[in-house]
Amino acid sequence: MKLFYYLGLIVFLLFASGNPAMGQDYSRMRQELQEQQQRARSNIDNLRKQIETIERQISQTGDEYTRVFQDYQNLEREIALRDEVIVNLEEEGRHLIREIDINRQSINELTEDLQTLIETYQNTLAYLYKSGRIPDMALLFTAESINQMLIRSYFLNKFQEYRNRQADQITEAQEELEATRGDLLSNLGKNDDLLGEKQTEQNRLQERKEQLQEIVELARHDVNALSDEKSSKESELRELESTFNELLEEEARVREAESNRLRQIEAERRRRLAEAEDAGDEAAIARYSAPVRSASLPSEEDFAVLEESFGSAKGNMPWPVEYGAISARFGNKVNPLYGTEVNNPGVEIATEARSPVRVVHEGFVYAVRSLPGFGTCIFVKHGRYITVYGNLSEVRVRRETTLQAGDIIALSGDDNSLKGQALFFMVREGDMNLDPEQWITRN
């Protein structure tokens with residue numbers, strides 16, 4: 001009876017304590033890291049497609065000095081794109097190293113769990129050996145009563161189930177351990193490939209920078225081009241500022257004319273409402289009860305709401321194009337090709353030819369103009385804020401159109417555009433140009 005007492009106690013304690021921990025569930029964490037790696041890889045592939053296009057353009061450009069500036073612009077964009085590729089490669093590498101660390105931690109915990117299972121199984125066998133195992137049938141037939149036989153049978157079955165479960169857990173733990181080791185070896189190989197890929201990109205980037213420097217040194221000898229480039233850029237900026245002033249004046253005239261028109265209509269509405277009320281004409285009263293509103297221009301109240309929401313969205317608005325890299329930043333910039341200092345009122349984003357251009361915030365299209373140096377531009381008003389989308393190959397909106405954030409308004413530049421395969425984008429508050437990079441962020 002002592003043997004069955006201890007057998008029952010062992011079964012109870014083992015079943016009550018549950019199975020040994022099989023390690024943390026790392027599959028969800030690995031899945032998230034793999035998704036982040038895939039997003040980084042998608043960005044890398046898209047950027048490389050743009051780089052290949054620019055490389056073809058450079059190879060088609062001969063040694064004619066008249067095309068040096070085009071070479072310079074293309075190389076500058078390619079360098080920006082290659083910088084972005086390296087950033088994405090580094091991001092992919094960080095996620096991969098994190099996954100490798102998780103695999104190693106998982107292997108350590110699985111090894112400990114497997115050792116615990118094996119030791120528990122060995123202790124069970126050792127106990128049976130020391131206690132002197134009696135055949136199951138002998139234990140059953142030596143029972144003093146039917147009730148005792150049923151109790152012995154119950155504990156024997158439970159103990160056998162536990163031993164079978166132990167064996168299954170050991171097999172499963174060994175299989176999971178081997179699978180995780182395989183994942184680790186695969187990720188280590190991927191990491192080696194990624195490091196090689198990053199080194200290749202860095203080498204190509206250095207080659208392009210050296211090539212760019214050669215062009216810069218050559219172009220610095222062209223004294224005549226210095227003043228021409230500076231004058232051209234200054235003229236383009238004056239034209240842009242003049243356009244803004246014209247648009248503001250035009251808007252003021254249109255709003256004043258619309259306001260006068262609405263006042264006349266409103267006066268007429270009130271007169272007719274008064275007549276209807278005197279006559280007791282309920283239908284006419286209902287018809288003339290609502291105040292008159294402009295059907296074409298947003299009201300001052302509408303613009304105030306737009307202005308507040310635009311200002312509060314600073315730093316969180318999406319890019320106007322899905323893929324690309326900023327190849328010309330905002331503000332004063334010394335052109336190393338000609339040594340001139342010019343002011344860039346916005347940013348240029350190198351992207352695929354004819355990429356969809358989306359408005360970054362809801363607003364109102366109040367102008368579509370073609371400007372020297374900036375190509376076709378769409379001006380979108382958000383209260384006192386204005387966003388401008390230029391160097392467009394195709395326009396898909398009209399004036400006096402109300403837009404929602406994310407609406408496609410145009411296609412970015414192509415090889416026939418002034419700035420090539422790029423989008424010009426700017427943000428303006430009143431009469432002051434703002435740095436667009438402080439307003440937009442990648443998704």
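These notebook entries record what I looked up on cavities and salt bridges in the structure above.

**Entry 1: the model**

I note that this is a predicted model, in which local features need pLDDT of at least 70, side-chain atom pairs count only at pLDDT 80 or more, and totals for chains, interfaces and linings use all residues. Residues are numbered from 1 along each chain as its sequence is written, and side-chain values use heavy atoms, with hydrogens and water left out.

**Entry 2: cavities**

I looked up cavities, a cavity being a set of points on a 1 Å grid over the protein atoms alone where a 1.4 Å probe fits but cannot get out. The count is 4 cavities of 30 Å³ or more. I then turned to the second largest cavity, which holds about 120 Å³ of space; a volume is the space filled by probe spheres set on the points, which are joined across faces, edges and corners.

Lining residues have an atom within 4 Å of a point. For the second largest cavity, they include L247, E250, F303, Y366, K381 and R399. Two elements, α6 (223-279) and β7 (363-371), each give two or more residues to this lining; helices (H or I, at least four residues) and strands (E, at least two) are DSSP runs numbered from the N terminus. The largest share, 5 residues, comes from α6.

By class, I recorded 6 nonpolar, no polar and 6 charged residues in the lining. Asp, Glu, Lys and Arg count as charged, whereas Ala, Val, Leu, Ile, Met, Phe, Trp, Tyr, Cys and Pro count as nonpolar and the others as polar.

**Entry 3: salt bridges**

How many salt bridges does the structure hold? I found 14 salt bridges, each a side-chain nitrogen of Lys or Arg within 4 Å of a carboxyl oxygen of Asp or Glu.

In one of them, E268 pairs with R271, the closest N and O atoms being 2.5 Å apart. The two residues are 3 apart in helix α6, so about one helical turn separates them.

R354 and D414 also form a salt bridge, at 3.9 Å from N to O. This pair links distant parts of the chain, 60 residues apart: R354 is in the loop between β5 (347-350) and β6 (356-358), and D414 in the loop between β12 (408-412) and β13 (422-429). Is D414 buried or exposed? I list D414 as buried at 14% relative accessibility, while R354 is partly exposed at 36% (buried is under 20%, exposed over 50%, partly exposed in between, with a 1.4 Å probe and protein chains only).

Finally, I noted a network of salt bridges that links E246, E250, R369 and R399. Both E250 and R399 also line the second largest cavity.

Key: On a 1 Å grid over the protein atoms alone, a cavity is a set of points where a 1.4 Å probe fits but cannot get out, and a pocket is an open set with protein on both sides within 12 Å along at least five of seven lines; lining residues have an atom within 4 Å of a point.
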